Amino acid sequence: MSRIVPLLALTSLSLLLLTAGQAPTAPAVEEGLLTVDLLYHPDRKIEFAGTPPRILRWLEDGKHYVERREDPESKLPELLRVEAETGESQPLYDLARIRGAFSRLEGLGEAQAKALVEKGDFSLSPDGSALLIDHDSDLYLYRFEPDEARRLSSGEEAEREATFSPDGRMVAFVRDHDLHVLDLESGRERALTEGGDENLLNGLLDWVYQEEIYGRGDFKGFWWSPDSARLAYLQLDESPVPSFTVVDHLPQHLKLEVTRYPKAGDPNPRPRLGVVPAAGGETHWLDLSAYQPDDLLIVRVGYAPDGRLFYQTQNKEQTWLDLNVFDPAGGSVTRVLRETTPAWVNVLDEPHWLPDGGYLWESERTGWRHLYRYSADGQLRGAITRGEWEVRAFHGLDEESGWLYFSATERSPIGLDVYRARLGGGGWERISEQPGQHLARFNPQLTLYLDTWSDIRTPPQSRLHAAGGRLLRTVDANPSPRLAELNLPQPEFLQVPTRDGFTMEAMLIRPLDFDPERRYPVLVFTYGGPHAPQVRNRWAGTTQLWHQMLAQRGTVIWVCDNRTASGKGAVSTWPVHRDMGRLELADIEDGLDWLAGQSWVDPARIGIWGWSYGGYMTSYALTHSQRFKLGIAGAPVTDWHLYDTVYTERYMGTPQNNPEGYRKSSPLEAAANLHGQLLLIHGTIDDNVHLQNSLKFVHELQKAGKQFRLMLYPRSRHGVRDPHQLYHVRVLMTEFIEEEL
């Protein structure tokens, strides 16, 4: 993990202003009891979790950080430059001054300058001297000194993924599927690639690379060299990838979104990796002849401090991962190492560079994610961490002290703590104190860190610590007076063994005024997907409060992580390889066996719900078990043939190589076995788990004569985000549970 988070799109003022209106006066909480209105109604809901600070990033000086707050008078959000140790703050930049500078530009005017400042996406240059603003498909530059504004581009085609060079003198972006660079001093723009179109992406990630490989948070397909002299970029040939159409049914004339989306068994885009001078010239294409183009993923790219380009490659089914290096001086490509496991290999991170030219490498080779030290010539020098726990994040190495900092689950698999270890060995030590989840942000110098802490009962709080863990000040204790008004049944953590002795982590919420002589209905909440635990000692937001609301009304809430979802190392996930659904359900039923042994549980009234993979598990459970009286399946995958290649084939292999595994894992294939009342929910423009999944399930259920309920949410994607629709879905779910359970 990089020690410094880039200030990419530091703020979109349009988003901030949309959320800045004053809410109506919140109603009182009667008798400490929650309602769906108090949690979700767009006009009447209460923010029970307080208002924790939004800390965006550290600045380069290591003494200040950027925080988003709400102005107490105007109620508008603002970005502040905060002195870490004193808490003194001032606006990061003067928006009125910036607006004035742009209003003086020829052809812009007051109204356009106002819209630019209020709705543009802002990025700060590496040295903090300038702002890059992306607004209405064009780029603008503002320099703080001497208060200068410039328009960098104009035209119909948008500039995408605009990024400063490390020296701040240039900006790279993708326009019309080709990579461009703009020299900020001369104003000269040059195209570094040509021939890009909707089927050939230069420096731009497609859907599956963005969603499943690089992630939505940092989704560029190009990388600046440390000296700003050149760029590496991915070229993705989309021509072999089938298209999928998502339909917005609300306009009079339907709106269609057509996206290249490879489903399990389909070809992926064919990737190439090139390096091109920032001044323009020929692209040097790296030699990938050791791999078959149709069996290749390029999953990470990054530069070493000395300018060498390191990149990671995998085969289509992700059963191995290679770390390769390209030396621009000689043009040679060398494979440094290959990772394998008994199942699949997860992509973890880029190498973390050391002063001697060596690096730290994260690996799950033992079944647990740990840090390993390699020398500059690629020789393994040993493990820095080890044990049956996981390193979850690497924060950096303080070269002067020799301490390296990381976050891990060594104390508890349901928590997260901050640790440090000596680079030369000698063990590690925990520097965070309270049990719970500690999310650490270290400054670039690794002398201070901001810790956002929460536990299952406490909303997030922020504190500043010295690197060794000493508390320097409380940034925000985030008092939550409305939460204190509630009479909440509190979660209990337990451990439950499976039939073969694996210890599952579980969370139980008993009803208010719990009476062990009564028999209560149970609602099971599940996700179940590989390495995605839901039992965690952290604040879980409004969904947790909704569960507590149901417990206030007399329902037992049960969350039990099946082994493959437990977060207890990659080793716990490998048994699901090529066989999704079966083992997860068996573990869930083991948890139910423990519940059924409690005198206060009514085994005839057990429901289950989940979203996404949890929707899949709900659909699978209701078609492969008779233990459940009801199920709520939100946006479920109902057959793994219908989901994308990279995610699905990692765990299942391809359908061509594992046809029986796909058949057995499919709720579609078992629709005639539906048992219990099913509520099926899906957004109609879900571009992740397509509505096709639910419609094919509906068709099979209808053919089998099975009754069920269906609710669709127009213009909702994978999650229901519109406040009115979210309120609607929670009312629907609550009423369904109370009627049927």
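R578 sits in the loop between β40 (556-560) and α8 (582-596); helices (H or I, at least four residues) and strands (E, at least two) are DSSP runs, numbered from the N terminus. Phi of R578 is near 65°, a positive value in a residue other than glycine. With a relative accessible area of 30%, R578 is partly exposed; buried means under 20% relative accessible area, exposed over 50%, and partly exposed in between (1.4 Å probe, protein chains only). This is a predicted model, in which local features need pLDDT of at least 70 and side-chain atom pairs count only at pLDDT 80 or more, while totals for chains, interfaces and linings use all residues. Residues are numbered from 1 along each chain as its sequence is written, and side-chain values use heavy atoms, with hydrogens and water left out.

L446 also has a positive phi, near 60°. L446 lies in the loop between β33 (437-442) and β34 (448-455) and is buried, at a relative accessible area of 1%. Another spot to look at is the cis peptide bond from E145 to P146, with omega near 15°; P146 belongs to the loop between β8 (138-143) and β9 (148-151). For background, most residues other than glycine have a negative phi, and most peptide bonds are trans.

## Nonpolar cores

The largest nonpolar core has 106 residues, and L231 and W558 have the most contacts inside it. Helix α9 (residues 613-624) gives the most to this core, with six residues. A nonpolar core here is a set of buried Ala, Val, Leu, Ile, Met, Phe, Trp, Tyr and Cys residues joined through side-chain atoms within 4.5 Å.

## Helix α7

Helix α7 (residues 541-552) has twelve residues and reaches 17 Å from its first C-alpha to its last, close to the 16 Å expected at 1.5 Å a residue. That expected span is 1.5 Å times one less than the number of residues. Ten of the twelve residues of α7 are buried, among them L545, W546, H547 and M549. G554 follows α7 and has a positive phi, near 115°.

## Salt bridges

A search of the whole structure finds 41 salt bridges, each being a side-chain nitrogen of Lys or Arg within 4 Å of a carboxyl oxygen of Asp or Glu. In one of them, the side chains of K316 and E649 meet at 2.7 Å, N to O. K316 lies in the loop between β22 (309-314) and β23 (320-327) and E649 in helix α10 (residues 645-652), so the pair ties together parts that are 333 residues apart in sequence. K316 counts as buried at 10% relative accessibility, and E649 is buried at 1%.

R709 pairs with E739, the closest N and O atoms being 3.5 Å apart. Here R709 counts as partly exposed, at 32% relative accessibility, and E739 as exposed, at 52%. R151 and D138 meet in a salt bridge too (2.9 Å, N to O). Finally, R499, D500, R563, D587 and D590 are linked in a network of salt bridges.
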